[in-house]
Amino acid sequence: MTAATSAATSAANRRATLIKLIHVAKRELAQHGLDDVAYRQILVSVGKDSSLKTMAVPGMVAVLEHLKARGFVVRPKAGDRRQATDPGARKVRALWLFLHQLGEVRDPSEKALAAYVKRIAKVDDLHWASSRATDVLIETLKKWAMRLLPGAIKALADEVLVRHRAQPFDALQLAVFLRAANATVNYEGFDHHLWAWQDLMELLGRPVGGIAQTMEAKR
């Protein structure tokens, strides 16, 4: 087998594995409210393609990580390192994927997250981070997100305003928009900015992923 043939076979196997995992995730998350419309929106907004058959591998990886943030857990093979799934670890992972959604983190994979965890928490895997280290990771990621959220909220608010001018909102939608658009002026802290970002995304009909639910940010 030539090097080119070996590489092609490896790439094909990688695609097949990712497609299988995404299909499993879709099936499992359907039991928790992920319908076909929401799934298709995720393919387009996260994977940048409407079909897994034509989606690039980086898009598939992003889709899979997004579905993990919504609660899907890949069952490890024998000998694989178990993925940390305690509440603190899930918050770290959700924030990492949220930063990817904001366009800041290029690689949303577990491998890239592990490298970040090692740099900040000085451990080789999130599973081994202490409660204190996990808290540090969460707060560090929140601060990172807060450098981006005001700008992201403004950009979304501008988009929503254009839509409102084309097709005026009802009174409730308008109230949600005004609250969210003014969040960076009226409120401080990650939670309020996350709520504003989520409200604006929903007004635009875009999937927000599992960040708010995972962070347990209650209004």
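Two residues are counted here as being in contact when they have heavy atoms within 4.5 Å of each other, and the legends below apply that term to a predicted model.

**View 1. How helix 4 and helix 6 lie against each other.** Two packed helices are described by the angle between their axes and the distance between the axes. In this predicted model, the axes of helix 4 (residues 87-101) and helix 6 (residues 131-146) come within 9 Å and cross at roughly 20°. Angles under 35 degrees count as roughly parallel, and helix 4 and helix 6 are therefore roughly parallel to each other. The crossing in which helix 4 passes helix 6 is left-handed.

**View 2. The residues that join helix 4 to helix 6.** From helix 4, the residues Gly88, Ala89, Lys91, Val92, Leu95, Trp96, Phe98 and Leu99 take part, and they meet Thr134, Leu137, Ile138, Leu141, Lys142, Trp144 and Ala145 of helix 6. Sorted by class, this contact of helix 4 with helix 6 is made up of eleven nonpolar, two polar and two charged residues.

**View 3. The second largest pocket and its lining.** Two or more lining residues come from each of helix 3 (57-69), helix 4, helix 7 (149-166) and helix 10 (190-203), and helix 4 gives the most, with five residues. Divided by class, the lining of the second largest pocket has 14 nonpolar, seven polar and three charged residues.

Key. Residues numbered from 1 in each chain as written. Predicted model: local features only at pLDDT ≥ 70, side-chain atom pairs only at ≥ 80, totals over all residues. Heavy atoms only, no water. Axes fitted to C-alpha atoms, helices over the stretch in contact; angles between N-to-C directions. Helix = DSSP H or I, 4+ residues; strand = E, 2+ residues; numbered from the N terminus. Parallel < 35°, antiparallel > 145°, perpendicular 65-115°, else oblique. Left-handed = near helix turned anticlockwise from the far one by under 90°. Nonpolar A, V, L, I, M, F, W, Y, C, P; charged D, E, K, R; others polar. 1 Å grid on protein atoms, 1.4 Å probe; cavity = no way out; pocket = protein on both sides within 12 Å on 5 of 7 lines; lining within 4 Å.
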